[in-house]
Amino acid sequence: MKRLIFMGPPGAGKGTQADIIKDKFKIPQISTGEILRNAVKNGTKQGIEAKKFMDAGDLVPDAVVIGIIKERLVEKDCVSGFILDGFPRTVEQAKALSEILKELKMELDSVVNLDVPDDELVKRLLGRAIKEGRADDNEETIKNRLHTYNTKTLPLIDFYRGTGILRQINGMGSMEEITASIVKEIQ
């Protein structure tokens, strides 16, 4: 059983690695964006609430996102574990997640943080922007996204470091090397 959080800045490869690890351990990868869309589609109480904000073009408030996460964690496929990808993003969300897990009598096994230097992230994201034709991803917007990530996430890394379950993974190297490092750390 593995209950994991995958963290890392944009371009670190967390989505790619979470996809590999979910298949290896046969656990669901839970992406906040995806569960928001599913909750809306399925017309759950939290989904209906989220839809109001999404339709207005507003960010879905933490309380609603947290409610949707809770709804998702009690589904059958999460019994053997899960990977949270993109949540939590703030210390407040992490504290709320701790309360949910306590209530559900669950514990996190590891928080995996993929560590990649900013200059490498800029290079990766610019390459991805060119490959995918994303004109809005220029060097300035990428640097802004990284600054925002670093500002909001540094306290989150410190929060999990204090729990003893943070696993710092070097996000440089081949996909296989990074996967091997993650598997070694979470075993």
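1. H6 covers residues 118-132 and H7 covers residues 139-161. Their axes come within 10 Å and cross at roughly 130°. Axes here are lines fitted to C-alpha atoms, for helices over the stretch in contact, and angles run from 0 to 180 degrees between N-to-C directions. The crossing of H6 and H7 is right-handed. Right-handed means that the near helix is turned clockwise from the far one by less than a right angle; anticlockwise gives left-handed.

2. This is a predicted model: local features need pLDDT of at least 70, side-chain atom pairs count only at pLDDT 80 or more, and totals for chains, interfaces and linings use all residues. Residues are numbered from 1 along each chain as its sequence is written, and side-chain values use heavy atoms, with hydrogens and water left out. Helices (H or I, at least four residues) and strands (E, at least two) are DSSP runs, numbered from the N terminus.

3. Which residues of H6 and H7 make the contact? From H6 come Asp 118, Leu 121, Val 122, Leu 125, Leu 126 and Arg 128. From H7 come Glu 139, Ile 142, Lys 143, Arg 145, Leu 146 and Asn 150. Contact means heavy atoms within 4.5 Å. These residues divide into 6 nonpolar, 1 polar and 5 charged. Ala, Val, Leu, Ile, Met, Phe, Trp, Tyr, Cys and Pro count as nonpolar, Asp, Glu, Lys and Arg as charged, and the others, Gly among them, as polar.

4. H2 and H3 (residues 45-55) form another crossing. Their axes come within 8 Å and cross at roughly 110°, and the two helices are therefore roughly perpendicular. This crossing is left-handed. Leu 36, Ala 39 and Val 40 in H2 meet Gly 47, Ala 50, Lys 51 and Met 54 in H3. The contact of H2 with H3 holds 5 nonpolar residues, 1 polar and 1 charged.

5. Now the sheet. It is open, with 5 strands in the order S2-S3-S1-S4-S5 and parallel pairing. Strands S2 (29-31) and S5 (166-170) stand at the edges with a single partner each, so one side of each has no neighbour in the sheet. The twist averages 25° from one strand to the next. Two strands pair if DSSP finds at least two bridges between them.

6. S1 (residues 2-7) is joined to S3 (residues 81-85) by 5 bridges, and Leu 4 stands opposite Ile 83 in S3. S1 also pairs with S4 over 4 bridges. There, Phe 6 has Val 112 of S4 as its bridge partner. S4 and S5 pair over 5 bridges, and Asp 115 is partnered by Asn 170 in S5.

7. Two helices lie on the strands. H1 (residues 14-25) lies across S1, S2, S3 and S4 (110-115), at about 170° to S1. H2 (residues 32-42) lies across S2 and S3, at about 75° to S2.

8. Is S4 covered or exposed? S4 is mostly covered, with 5 of its 6 residues buried. Buried means under 20% relative accessible area, exposed over 50%, partly exposed in between (1.4 Å probe, protein chains only).

9. Ile 169 belongs to S5. Ile 169 is buried, with a relative accessible area of 3%. Its C-alpha atom is separated by 5.9 Å from that of Asn 113, 56 residues apart along the chain. Leaving aside neighbours within four places in sequence, Ile 169 has contacts including Val 112, Leu 114, Ile 178 and Ile 182.

Note on methods:
Angles under 35 degrees count as roughly parallel, over 145 as roughly antiparallel, 65 to 115 as roughly perpendicular and the rest as oblique.
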